[in-house]
Amino acid sequence: AELLRDSEHIFVAGFRGAAPAACYLGVLLSQYLAHVEYVSKADSSCLESFLSYGNKDCAVLIGTERYSKMTCTLADMARNTGCRIIAFVDKLTSPLAYHADAVLVADVSSPTAFNSYIGIFFLIEELSNELSRYVDTATEERLQRLNSYLSKLELY
């Protein structure tokens, strides 16, 4: 949570099965912090967005086995620019965990034909809860402004 709080810009990415988790985390973080960008489609815009990130920023990358080439490329780009990395992964041997500043591991195995992201969603909620402890006056005002617009639009 401190890495996120102390970052100037935050870039959240997750693709395929991890896409909903990336969107959820992006929405939660943007309620507390300014300058949060999140993507879930692996196209050239991910790379273009990431070109301006540097050592005062943080990349949050979510990926599980069969790791997408885009997520791995974003991790390489982050390492090369000194951008801090938080990795949500299924195992410590994940290529996303390599050189990450923080690694959060959740088992995604399931008896079904697809992965279960319940563990990753739990970690996202715990991280968001921890981040909420750093709420200051500016963040509180931001949340109040957001809530007034959400209420006006009846987006609950």
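Two strands count as paired if DSSP finds at least two bridges between them, and the elements themselves are DSSP runs numbered from the N terminus, helices being H or I with at least four residues and strands being E with at least two. The model is predicted, so that local features need pLDDT of at least 70 and side-chain atom pairs count only at pLDDT 80 or more, while totals for chains, interfaces and linings use all residues. Residues are numbered from 1 along each chain as its sequence is written, and side-chain values use heavy atoms, with hydrogens and water left out.

**The sheet**
- Five strands form an open sheet with parallel pairing, in the order β2-β1-β3-β4-β5.
- Because β2 (36–39) and β5 (102–105) stand at the edges with a single partner strand each, one side of each has no neighbour in the sheet.

**Strand β1**
- Strand β1 (residues 10–14) runs parallel to β2 and is joined to it by four bridges, with Tyr38 as the bridge partner of Val12.
- Five bridges join β1 to β3, also in parallel, and there Ile62 is the bridge partner of Gly14.
- On one side of β1 Ile10, Val12 and Gly14 are buried, as are Phe11 and Ala13 on the other, where buried means under 20% relative accessible area with a 1.4 Å probe, protein chains only.

**Helices**
- Helix α2 (residues 19–32) lies across β1, β2, β3 (58–62) and β4 (84–89), contact meaning heavy atoms within 4.5 Å.
- Helix α5 (residues 118–132) packs on the sheet and touches β3, β4 and β5.

How values were computed:
Axes are lines fitted to C-alpha atoms, for helices over the stretch in contact, and angles run from 0 to 180 degrees between N-to-C directions. Buried means under 20% relative accessible area, exposed over 50%, partly exposed in between (1.4 Å probe, protein chains only).
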